[in-house]
Amino acid sequence: MKRKRTSRIPAGAPTVTRADFKSDQDTRWCPGCGDYSILAQTQHIMPELGIPKENIVFISGIGCSSRFPYYMNTYGFHTIHGRAPTIASGVKMANPDLSVWVITGDGDALSIGGNHFIHLMRRNFNINMLLFNNRIYGLTKGQYSPTSEQGKKTDSTPLGSVDTPFNPISLALASGATFVARSVDIDSGHLRPMLKAAFAHKGTSFIEIYQNCHIFNDDTFELYREKENKADHTVLLEHGEPLVFGAERDKGIRLNGFQPEVVDTTNGEYSIDDLIVHDQYAEDTTLANFLAGMSDTPDMPHPMGIFRSVRHPCYEDLMTSQIRTAKESMGDGDLEALLNAGETWTVS
Amino acid sequence: MRKPVEQIEEATILFAGDSGDGSQTIGTQMTETTALIGNDVATLPDYPAEIRAPAGSLAGVSGFQLHFSSEQIHTPGDLCDVLVAMNPAALKVHLNKLKPNGILIVNVDNFARRNLRLAGYESNPLEDDTLTKYQVFQVELTQLTRKSLETTDLTTGEIDRCKNFFALGMILWFYNRPMEYTMKWIKVKFAKRPEYIESNILALRAGNTYCEATEQFAVSYDVKPATFEPGTYRNIEGNMATVLGLVAASHQSGLPLVYGSYPITPASDILHGLAQYRNFGVVTMQMEDEIAAVGVAIGAAFSGALGVTGSSGPGLALKSEAINLAMIAELPIVVCNIQRAGPSTGMPTKTEQSDLLQMFYGRNGESPIPIIAPSRPYDCFETIYEACHIAIKYRTPVIFLSDLYIGMGAEPWKIPQLSELPEIRANFAVSADTNNGFEPYLRDPETLARPWAKPGTPGLEHRIGGLEKSDVTGHVSYDTENHEKMVEIRAEKVARIADDIPPTEVFGAQEGEILLLGWGGTYGAIRTAVENCTAEGLPIGHVHLRHLNPFPNDLGDILNRFKKILIPELNSGQLRQLIRSTYLINAIGFNKVQGQPFHVFELHSKIDEILKDIGHP
């Protein structure tokens with residue numbers, strides 16, 4: 001088992017560009033799909049990661065987003081519904097050198113793959129997971145998903161859905177994720193740094209990406225995605241900075257007891273000093289959980305950025321360390337001795 | 001003066017008691033000692049699914065049967081010469097397994113009214129005529145153990161837990177076996193509790209001395225060592241042989257082993273076993289469910305490791321979609337199914353062979369997967385090694401179809417030399433050999449295997465997945481004719497494995513009246529029955545299949561050499577269906593679905609019936 005860190009591109013090697021990461025396959029998503037932008041941003045940052053293309057693996061489950069690996073000129077595996085985290089775990093464990101990216105959607109990760117999602121988060125492999133959340137099943141033509149709002153009318157719920165949606169950020173935090181972030185498909189200026197931060201984080205990195213399904217759930221994230229709305233409906237999380245937002249930068253988030261609330265910082269009642277100051281490195285998840293809950297609260301802006309980024313040991317490192325220690329204390333495995341272990345007798 | 005010793009050829013003993021009574025422990029110890037002094041031995045643990053069913057209840061009875069001999073043997077024995085019953089429930093459950101005039105040792109201290117009632121005895125069988133046809137030895141096992149340990153500082157509860165070793169001491173005396181191996185084991189087992197070393201050894205000796213001293217036992221027995229081929233031997237359970245075979249395949253192929261699993265009876269021992277071998281680079285991952293367990297094996301295979309997962313029937317049901325992914329992606333993984341009695345949760349601690357058709361057909365679409373089955377505990381080593389070999393050579397998932405009876409049974413194993421193990425070569429793709437760049441579905445013309453290009457190899461970046469792929473290029477394809485072609489290629493690839501199968505061994509008659517065709521854990525009973533028939537000069541043969549998919553190339557010819565094909569199976573006739581449809585012959589079934597192995601006498605009566613039907617003199 002190799003134990004060296006993800007190898008870097010040697011000095012003097014030919015420069016790779018965004019074009020090198022485009023596969024020869026035609027991209028087949030619907031016109032206007034948010035996936036196009038996520039693919040473009042991902043291809044854009046890849047040459048900047050400083051690792052050889054052959055060490056990158058994209059693994060997906062099933063759904064529109066899961067076509068993604070076919071369009072990346074890296075190693076890729078389009079697997080089965082919900083199971084990408086398990087296959088990614090095996091890929092990473094067998095070769096910790098690889099940079100492993102899981103591409104998933106709200107149905108894939110949170111419905112059929114919900115169990116694997118929470119366990120991937122807690123094991124903390126150094127794997128990046130991008131969840132394209134469009135709050136609908138696209139590939140199967142528009143049934144409600146586990147992130148659809150309650151009351152969602154679809155072909156499978158003509159009278160409105162009755163189940164309560166998941167909050168992917170809350171779920172990731174509750175599962176012990178060490179890096180949790182949110183971004184938006186078409187906001188390249190935000191998504192690219194988030195992708196790079198996810199790569200830089202050692203441990204499982206989770207990004208929920210608000211993604212628009214133009215066909216079955218158009219404008220579900222209109223308030224948080226469109227230029228004219230998002231300043232008043234999103235708040236950028238920046239470590240060490242107070243939570244200020246609004247087109248006029250005149251609003252902020254303050255904690256009222258256990259409840260985050262929006263306050264006006266210009267009317268004299270509150271000032272910037274009253275606002276929550278973001279601490280993405282806090283080990284304790286209380287603040288991150290408050291922030292995550294904002295998107296479940298009507299009329300609150302949705303936080304964008306890194307909710308949490310803490311350093312915990314990675315599964316693959318703990319496992320390789322067990323192997324190393326065992327080899328040090330017992331010696332490299334001697335097969336002949338192993339087969340002949342225990343009580344034996346000889347017949348001559 | 002030493003009491004007389006009578007020479008006998010073989011013996012079968014059954015230890016039975018509450019599941020907390022330690023029957024499995026003393027059964028295993030008796031097995032170890034018996035193997036070490038050179039007898040051939042075969043065992044059958046039989047225990048309840050409940051860890052501790054209510055004390056004294058019928059549901060809580062745990063048994064361990066062992067058969068040892070001065071001849072080669074293949075089964076744990078039909079009926080027992082000795083039954084050690086630690087309580088009335090154990091007596092009730094197992095008395096029908098004791099031979100007429102067999103020796104029955106009971107712990108009379110446990111035959112109080114409450115225990116009798118729990119076992120469903122209206123009156124005390126020790127006092128009525130229930131046991132008249134047996135030699136009954138009533139031993140105050142609990143009192144005697146307490147008395148022999150009265151000088152220790154242990155509590156009565158702790159002392160009572162030593163009584164299984166008192167019983168073992170008795171049986172070791174009975175069959176003239178040394179106590180030293182058990183003492184050595186006790187010292188290792190209780191290294192951290194010296195007071196338990198002392199007490200268990202005291203109890204063991206006390207049981208032994210008791211037999212020498214008491215007038216109840218007039219003679220003891222001895223079974224001379226069996227004749228084995230020259231070599232070094234150890235006693236091995238099937239699941240442990242599976243573990244060693246996997247480690248050996250990893251070691252010999254140079255591929256790190258990644259074993260994904262989820263706890264399930266009776267496969268968990270493979271996970272436990274492999275977890276001990278980190279110094280061989282073995283990675284064991286206990287995952288959140290069965291699907292995740294096969295998922296990591298598939299991921300590991302994609303990364304270029306030896307990916308393996310193991311479970312039992314219900315777990316295999318959960319894994320089936322992922323196994324199909326490995327099939328269409330043509331990645332080498334090995335899937336172990338240690339069968340138990342189904343359907344559904346079924347009887348988790350009982351054996352059965354009822355997953356064969358599930359393994360053949362339990363996946364959507366046309367999904368050919370090689371299936372190979374070990375025939376006896378030590379055979380698990382060679383069979384799982386071969387499973388790894390086939391998987392890697394042909395880039396395919398392979399199903400290793402074992403069962404509880406083999407997995408938990410034990411017998412002596414002639415340890416192989418490393419030089420005897422076939423070479424396993426991964427042959428990773430290292431460069432794109434065509435002008436079109438790397439083509440992940442450009443096949444080896446002989447094996448039809450596709451290249452195994454692991455991530456990290458420059459220039460071989462490619463994408464695979466569960467969608468149908470275009471021949472050669474591996475691009476996603478909805479082309480109708482390509483799909484049919486790929487279905488045929490995948491089937492042909494598996495069919496070609498038959499060319500690697502050595503000629504089938506026919507035991508006994510090479511042609512004649514009846515061929516017994518078996519697979520898996522029924523080997524021992526079938527072989528014993530056919531040996532007996534052959535000794536009587538009957539024209540009866542035995543073929544035991546390791547390769548179930550594909551079948552050996554010569555099987556059809558062999559089947560045609562016999563008038564009748566009898567297929568004994570611990571299911572309702574699954575191999576029979578396959579044989580009938582493949583070879584269009586009217587194979588006869590002999591089927592038992594009771595969670596228990598065949599008795600040899602059951603096979604004899606079926607053989608006799610067929611011989612009579614066909615008018616064999």
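Arg135(A) sits in the loop between strand E4 (127-133) and helix H5 (168-174) of chain A. Helices (H or I, at least four residues) and strands (E, at least two) are DSSP runs, numbered from the N terminus. This is a predicted model: local features need pLDDT of at least 70, side-chain atom pairs count only at pLDDT 80 or more, and totals for chains, interfaces and linings use all residues. Residues are numbered from 1 along each chain as its sequence is written, while chains are lettered from A and ligands numbered from 1 in the order in which they are written.

**Backbone: positive phi**
- Most residues other than glycine have a negative phi, and most peptide bonds are trans.
- Arg135(A) is not a glycine, yet its phi is positive, about 55°.
- Arg135(A) is buried, with 23 other C-beta atoms within 10 Å; buried means 20 or more such atoms within 10 Å, with C-beta atoms placed from the backbone.
- Glu330(B) also has a positive phi, near 55°.
- Glu330(B) lies in the loop between helix H12 (313-329) and E13 of chain B, and is buried, with 24 other C-beta atoms within 10 Å.

**Backbone: cis peptide bonds**
- The bond from Gly342(B) to Pro343(B) is cis, with omega near -5°.
- Pro343(B) falls in the loop between strand E13 (333-339) and helix H13 (356-361) of chain B.
- Asn549(B) and Pro550(B) are joined by a cis peptide bond, omega about -5°.
- Pro550(B) is in the loop between strand E21 (547-549) and helix H18 (555-560) of chain B.

**Domains of chain B**
- The assignment, automatic or from a database, gives domain 1 (5-223), domain 2 (236-417), domain 3 (427-500) and domain 4 (507-613).
- The C-alpha centres of domain 1 of chain B and domain 4 of chain B are 36 Å apart.

Note on methods. A residue is buried if 20 or more other C-beta atoms lie within 10 Å of its own, exposed if 12 or fewer, and partly exposed in between; C-beta atoms are placed from the backbone.
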